[in-house]
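Subject: Structure handover

Hello,

Here is the structure I said I would pass on. My notes on it follow below.

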Amino acid sequence: MEFFITNPMFGICLSLAIYLAAVKFQKTLKSDLLNPLLVASIVIILILMLSDISYDNFFIGGRFISMLIGPATVALAIPLYQNLELLKKHAKTILISISSGVIAHALCIGLFAVFFKLNPEMIATYIPKSVTTAIAADVSSNLGGIRTLTICIVIVTGIFGAAIAPLINKLFKIHNPMAQGLALGVSAHAVGTSKAIELGPLQGTMSALALIVTGLITVILSPITFSIITSIL
């Protein structure tokens, strides 16, 4: 039993099996709130707890899946290249939309920090919450945040954003595919982009672009944002 648990294939097979089951579960019930990543995460946590299997043993294989986050993020450049002319045509609108999202995010973090009187370590942990894990973890570490907590926050942010996106679009009558894609990419990073791809190819392209540009802006401006918020407190 111990050999099986410590085998890298255990973490890989468990992750893939549970995720595929979660995808089928969502399609069966047709609910956006039952995000496969959320459902799979909860089920795997319960399995590890009930079986008394340590996270370290699970991550022996799980880390190979985590290693794919970086290449997957880079691969998002493919749809951008395929829609290069469209991006050039709407460059101004796209840049304004993404910049607005980044500014709104910074203001929300500032208000959150003031209201809950967060210390510098927690502020640094929260600042990169709306960018993909591959970027957020390093930004958090460089600012003095808690890397693992940042990853958890990023995952929750992405799942929540992807889950409520259809409801928000319906509630505010957002039918423009560019707007849908940009909003998901700016607020819900890679998880939001996967949802955008489900909505349509244009939404997926815009979300991928927003994800990448938001990540770059966050890397550049995060030290400034951190300094401003900590100085206010």
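Thr-132 is buried, with a relative accessible area of 2%. Please keep in mind throughout that this is a predicted model.

Thr-132 sits in the loop that joins helix 9 (120–126) to helix 10 (133–143). Leaving out residues up to four places away in sequence, Thr-132 touches Ile-69, Thr-73, Val-154, His-189, Ala-190 and Leu-211. Along the chain Thr-132 and Met-206 are 74 residues apart, and their C-alpha atoms are separated by 15 Å.

His-189 is not a glycine, yet its phi is positive, near 40 degrees. The residue is found in helix 12 and is buried, at a relative accessible area of 3%.

A positive phi also turns up at Lys-173, again not a glycine, with a value of about 55 degrees. Lys-173 belongs to the loop between helix 11 and helix 12. Its relative accessible area is 67%, so Lys-173 counts as exposed.

Next, the core. The largest nonpolar core has 15 residues, and the members that touch the most others are Leu-87, Ile-94, Ile-98, Leu-182, Met-206 and Leu-209. Helix 8, helix 12 and helix 13 (201–232) are the elements that give two or more residues to this core. Helix 13 provides the largest share, six residues. For Met-206, the contacts beyond four places in sequence are Leu-86, Leu-87, Ile-94, Met-178, Gly-181 and Leu-182.

Leu-182 comes up again in the second largest pocket. This pocket holds about 550 Å³ of space. Its lining has 23 residues, and those nearest the centre are Leu-182, Ala-183, Leu-184, Val-186 and Ser-187. At least two lining residues come from each of helix 8 (91–116), helix 11 (147–171) and helix 12 (177–199). By type, the lining consists of 13 nonpolar residues, nine polar and one charged.

Then the charged pairs. How many salt bridges does the structure hold? There are two.

- Arg-147 and Asp-138 meet through their side chains, at 3.2 Å from N to O. Arg-147 is partly exposed, at 39% relative accessibility, and Asp-138 is likewise partly exposed, at 40%.
- Glu-198 pairs with Lys-195, and the closest N and O atoms are 3.4 Å apart. Both residues belong to helix 12 and are three residues apart, about one turn of the helix.

Thr-150 is in helix 11 and has a relative accessible area of 0%, so it is buried. Apart from residues up to four places away in sequence, Thr-150 touches Thr-125, Pro-128, Ala-136 and Ser-140.

The other is Gln-26, in helix 2 (residues 8–29). Is Gln-26 buried or exposed? Its relative accessibility is 13%, so Gln-26 counts as buried, since buried means under 20%. Setting aside neighbours within four places in sequence, Gln-26 is in contact with Ser-31, Asp-32, Leu-34, Asn-35 and Pro-36.

If you go through the model yourself, helix 12 is one place to begin. This helix holds His-189 with its positive phi, and it also carries the salt bridge between Glu-198 and Lys-195.

Regards

Definitions and conventions:
Residues are numbered from 1 along each chain as its sequence is written. This is a predicted model: local features need pLDDT of at least 70, side-chain atom pairs count only at pLDDT 80 or more; totals for chains, interfaces and linings use all residues. Side-chain values use heavy atoms; hydrogens and water are left out. On a 1 Å grid over the protein atoms alone, a cavity is a set of points where a 1.4 Å probe fits but cannot get out, and a pocket is an open set with protein on both sides within 12 Å along at least five of seven lines; lining residues have an atom within 4 Å of a point. Grid points are joined across faces, edges and corners, and a volume is the space filled by probe spheres set on the points. Helices (H or I, at least four residues) and strands (E, at least two) are DSSP runs, numbered from the N terminus. Ala, Val, Leu, Ile, Met, Phe, Trp, Tyr, Cys and Pro count as nonpolar, Asp, Glu, Lys and Arg as charged, and the others, Gly among them, as polar. Buried means under 20% relative accessible area, exposed over 50%, partly exposed in between (1.4 Å probe, protein chains only). Contact means heavy atoms within 4.5 Å. A nonpolar core is a set of buried Ala, Val, Leu, Ile, Met, Phe, Trp, Tyr and Cys residues joined through side-chain atoms within 4.5 Å. A salt bridge is a side-chain nitrogen of Lys or Arg within 4 Å of a carboxyl oxygen of Asp or Glu.
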